[in-house]
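Please read the following report beside the sequence and the three-dimensional view.

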Amino acid sequence: MVTEACQFCKIVDRDDPDVREVYRDENVVAFFPPRPAVLGHVLVVPRRHVRDIWALEPDEASQLSRAVLLLAEGIRDAVRPEGLNVIESNGAAATQTVPHLHVHLVPRWTNDAMGPIWPEETSYSEDLKERTMLDVRSAVQILRASVEPPLAPEDRRKHLDYIQAVVTRQSAASSSAKGWLLPITTATFGFALTQRSWPLAALGMVAVLLFAYLDANYLRSEKQFRRLYNTVARSSRKVPLFTLDPVDADEPLPADGLPLSKWKKTVRSYLPERSIWASWSIAPFYTALLLVGAGVLIVA
Ligand SMILES: [Zn+2]
Ligand SMILES: [Zn+2]
C-alpha cells in the first residue's frame with residue numbers, strides 16, 4: 001500500500017532516485033538514511049506502510065527480524081565496526097520522526113558521533129519497580145492467553161484419559177494395600193494374643209502405621225491428579241499439553257507470598273497434610289486397627 005507523502009513508501013516504490021539502497025526482498029527494503037549518524041548506518045523497513053511496532057503483524061515482524069540479522073552481518077563484514085546498535089523508535093516521545101516503522105542499524109566505534117544513548121542514572125524506588133514489573137507481567141499473560149489457540153477437544157479427551165488412568169491405578173494400589181494389611185494384622189494380633197507376646201503386638205502396630213503412611217501418600221497423590229483432571233476438564237488454567245505433573249494444576253504462588261523454606265518444602269513433600277490423614281479412607285480404617293492393636297498390647 002502506498003501512502004502519499006511517506007518518504008519510506010516512496011523508496012519502497014523505487015520512487016526516490018537519490019536513495020542509496022543496500023537490500024531488497026519481497027518483504028523489506030534497506031537503505032542508507034540521507035544523513036547517516038555514522039558511516040554504514042542502515043534503515044530496514046517493511047514494504048507495507050506500518051506506522052509503528054504496535055501495528056506490525058507477527059509475520060512481518062519475523063520477516064523484518066530476519067532482514068535485520070542479515071544486514072547486521074553484512075554491515076559487520078563491510079565496515080568492520082567495533083559494535084552495533086539496533087534501534088527502533090515508536091512515537092514522537094521515543095524520537096520517531098518518520099511514521100513508517102524502521103529499524104536503524106548503527107555501526108559503532110568508540111568516540112563516534114553517536115555518543116551514549118542511555119541516561120547516566122535513574123532512581124526509581126524498589127516498590128515502584130516491583131509494582132510495574134507485576135503490571136507488565138500480568139498484561140503480557142493476558143495477551144498471551146488471548147493469542148494461544150484453544151485446545152482441540154480430542155486432545156483434551158486424550159489428556160483426561162491419561163490422568164484418569166493414573167487415578168485408577170492409585171486407588172487400586174490403595175485398596176490392595178488395605179487388602180494386604182488386614183490378613184497380616186489379624187494374624188499378628190491373633191498370634192500376639194495367644195502367645196501373650198506384647199512385642200509382637202507392638203510390631204503389628206508399627207506395620208499398621210507404615211501402611212497408613214503408604215496409603216496416605218497414595219491418597220494425596222490421587223487427590224493431586226484429580227485436581228489436575230478438573231483443571232484440564234474445565235480449562236480453568238492453561239497447562240502443558242498431556243502433562244502428568246500435578247504441580248501444573250497448582251496456582252502459582254501469589255506475588256507477595258513468601259516462598260516456603262527448604263525445610264518446610266521437604267516436610268511437605270514427604271508428609272501428607274492433616275486433611276489427608278483425617279479423610280474417611282484413612283482415619284477410620286487405621287484408627288480401628290490401631291485400637292485393636294492397643295487392646296491386644298494391654299491384654300498381652
Ligand atoms: Zn510508508
Ligand atoms: Zn528513525
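Glu222 is buried, with a relative accessible area of 9%, where buried means under 20% relative accessible area, exposed means over 50%, and partly exposed lies in between (1.4 Å probe, protein chains only). Its side chain meets that of Arg226 in a salt bridge (2.9 Å, N to O), a term used when a side-chain nitrogen of Lys or Arg is within 4 Å of a carboxyl oxygen of Asp or Glu. Arg226 is partly exposed, with a relative accessible area of 40%. Both residues, Arg226 and Glu222, lie in helix α5, 4 residues apart, about one turn of the helix; helices (H or I, at least four residues) and strands (E, at least two) are DSSP runs, numbered from the N terminus.

This is a predicted model, in which local features need pLDDT of at least 70 and side-chain atom pairs count only at pLDDT 80 or more, while totals for chains, interfaces and linings use all residues. Residues are numbered from 1 along each chain as its sequence is written, chains are lettered from A and ligands numbered from 1 in the order in which they are written, and side-chain values use heavy atoms, with hydrogens and water left out.

## Other charged pairs

A search of the whole structure finds 9 salt bridges. One of them joins Arg157 to Asp161, with the closest N and O atoms 3.5 Å apart, and these two residues both lie in helix α4, 4 residues apart, about one turn of the helix. Arg157 is partly exposed at 46% relative accessibility, and Asp161 is also partly exposed, with a relative accessible area of 41%.

The side chains of Arg76 and Asp77 form a salt bridge as well (3.9 Å, N to O). Arg76 counts as partly exposed at 46% relative accessibility, and Asp77 is partly exposed with a relative accessible area of 45%.

## The zinc site

The zinc ion (ligand 1) is coordinated by Cys6 (SG), Cys9 (SG), His49 (ND1) and His100 (ND1), at 1.9 to 2.3 Å. Donors are N, O and S atoms within 2.8 Å of the metal (3.2 Å for Na, K and Ca), and water is not among the atoms, so sites may look incomplete. The 4 donor atoms subtend angles of 105 to 113°, which makes the arrangement tetrahedral, a label given to four donors if all angles lie between 85 and 135 degrees.

In sequence the donor residues follow the spacing C-x2-C-x39-H-x50-H. Cys9 lies in helix α1 (residues 7-12) and His100 in the loop between β4 (83-87) and β5 (103-108), so this pair ties together parts that are 91 residues apart in sequence. Cys9 is buried, with a relative accessible area of 1%, and His100 is buried at 0% relative accessibility.

## Nonpolar cores

The largest nonpolar core has 16 residues, and those with the most contacts inside it are Leu181, Phe189, Val208, Phe211, Ile282, Tyr286 and Val296. Such a core is a set of buried Ala, Val, Leu, Ile, Met, Phe, Trp, Tyr and Cys residues joined through side-chain atoms within 4.5 Å. The elements that give two or more residues to this core are α4 (153-195), α5 (198-234) and α8 (283-299), and its largest share, 7 residues, comes from α5.

Apart from this core lies another, of 14 residues, among them Val42, Val50, Leu71 and Leu105.

Terms used
Tetrahedral: all angles 85-135°; square planar, octahedral: opposite > 155°, others 65-115°.
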